[in-house]
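Please open the structure in a viewer and keep the sequence panel in view. The tour goes from one selection to the next.

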Amino acid sequence: MTNDVPAGLEAGASLVTAMLSPVSGGLVRTWTEGGTRLWSVDDPDGLSELLGRGLIARVSVPDDRFRETVLLDAAAGTLLVQERIPGATENTRDRAFRLGDPVRPERNPWTDLDDFLAAAAASAVERDEYWVVELGGWAAPHEPYCFFGVVDDEGERVAVIETAPVPRDTGVWPEVPDDGRPGTSVSSPASEDTIEAAGIFAVTAVESWGVAPWDVALSFGHRAP
């Protein structure tokens with residue numbers, strides 16, 4: 001899908017809608033209808049702070065969920081972030097980032113993913129949303145996945161994280177019998193600490209999938225009343 005070129009971009013820019021991964025180790029992956037590509041980004045922290053907070057444009061995906069999207073000019077190496085609700089913030093609208101060929105990460109990308117998911121979990125709870133980490137792209141399979149949300153259980157707010165397939169020998173997820181069950185979950189009363197712990201649980205699950213941090217994406221949904 002081609003979009004009009006917003007003010008401030010170079011004339012002749014060709015922008016298409018792209019989904020993207022979390023920023024990890026200074027790298028981000030984009031998915032468009034034409035394929036996928038891994039990039040370095042000129043301001044990784046600045047881009048990461050905009051993602052996963054309910055601030056930027058979204059597109060519907062199956063199961064009543066949403067993925068965040070940006071506008072991408074792959075030829076020019078430009079990524080444009082547009083705000084989800086026009087006028088809601090001062091710094092999000094039409095913010096452009098420069099992209100380049102991927103370079104060797106200077107910091108641990110798994111630590112970046114942990115920090116990002118913990119922050120996204122806290123933000124989702126504030127919006128009464130949940131998130132699901134899954135493989136990136138326009139046609140992601142139902143598994144593997146890792147879900148986080150806060151639910152009401154007989155008047156108590158409970159943080160729940162669930163994943164499939166079952167992670168084995170992680171030292172983080174509880175060991176469960178190898179009896180063919182499709183997944184596993186852990187829960188505890190919702191608090192700042194248990195919500196933040198979603199990051200390490202999700203990262204440990206993703207590591208067991210045999211993928212890189214920039215091969216996954218977040219989907220969001222609204223928590224049932």
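This is a predicted model: local features need pLDDT of at least 70, side-chain atom pairs count only at pLDDT 80 or more; totals for chains, interfaces and linings use all residues.

**Aromatic pairs**

The structure holds 3 aromatic pairs. Begin by selecting Tyr130 and Phe147, whose rings form a tilted pair, 5.2 Å centre to centre with 45° between the planes. Tyr130 belongs to strand E9 (residues 129-135) and Phe147 to strand E10 (residues 145-153), so this pair links distant parts of the chain, 17 residues apart. Tyr130 counts as buried because its relative accessibility is 16%, and the cut-off for buried is under 20%.

Next, select Trp173 and Phe201. This aromatic pair is edge-to-face, with 90° between the planes and 5.2 Å centre to centre. Trp173 lies in the loop between strand E11 (156-164) and strand E12 (184-189), while Phe201 is in helix H4 (residues 198-207); the two are 28 residues apart.

**A charge over a ring**

Now select Arg37 and Trp39. The charged end of Arg37 sits over the ring of Trp39, 3.9 Å from the ring centre.

**The largest pocket**

Last, select Pro62, Asp63, Arg65, Glu134 and Ala140, which lie nearest the centre of the largest pocket among its 16 lining residues. The volume of this pocket is about 230 Å³. Strand E6 (65-73) and E9 are the elements that give two or more residues to its lining. By type, the lining residues divide into 9 nonpolar, 3 polar and 4 charged.

Terms used: Residues are numbered from 1 along each chain as its sequence is written. Side-chain values use heavy atoms; hydrogens and water are left out. Rings of Phe, Tyr and Trp (its six-membered ring) pair if their centres lie within 6.5 Å; planes under 30 degrees apart count as stacked, over 60 as edge-to-face and the rest as tilted. Helices (H or I, at least four residues) and strands (E, at least two) are DSSP runs, numbered from the N terminus. Buried means under 20% relative accessible area, exposed over 50%, partly exposed in between (1.4 Å probe, protein chains only). A charge sits over a ring if NZ of Lys or CZ of Arg is within 6 Å of the ring centre and within 35 degrees of the ring normal. On a 1 Å grid over the protein atoms alone, a cavity is a set of points where a 1.4 Å probe fits but cannot get out, and a pocket is an open set with protein on both sides within 12 Å along at least five of seven lines; lining residues have an atom within 4 Å of a point. Grid points are joined across faces, edges and corners, and a volume is the space filled by probe spheres set on the points. Ala, Val, Leu, Ile, Met, Phe, Trp, Tyr, Cys and Pro count as nonpolar, Asp, Glu, Lys and Arg as charged, and the others, Gly among them, as polar.
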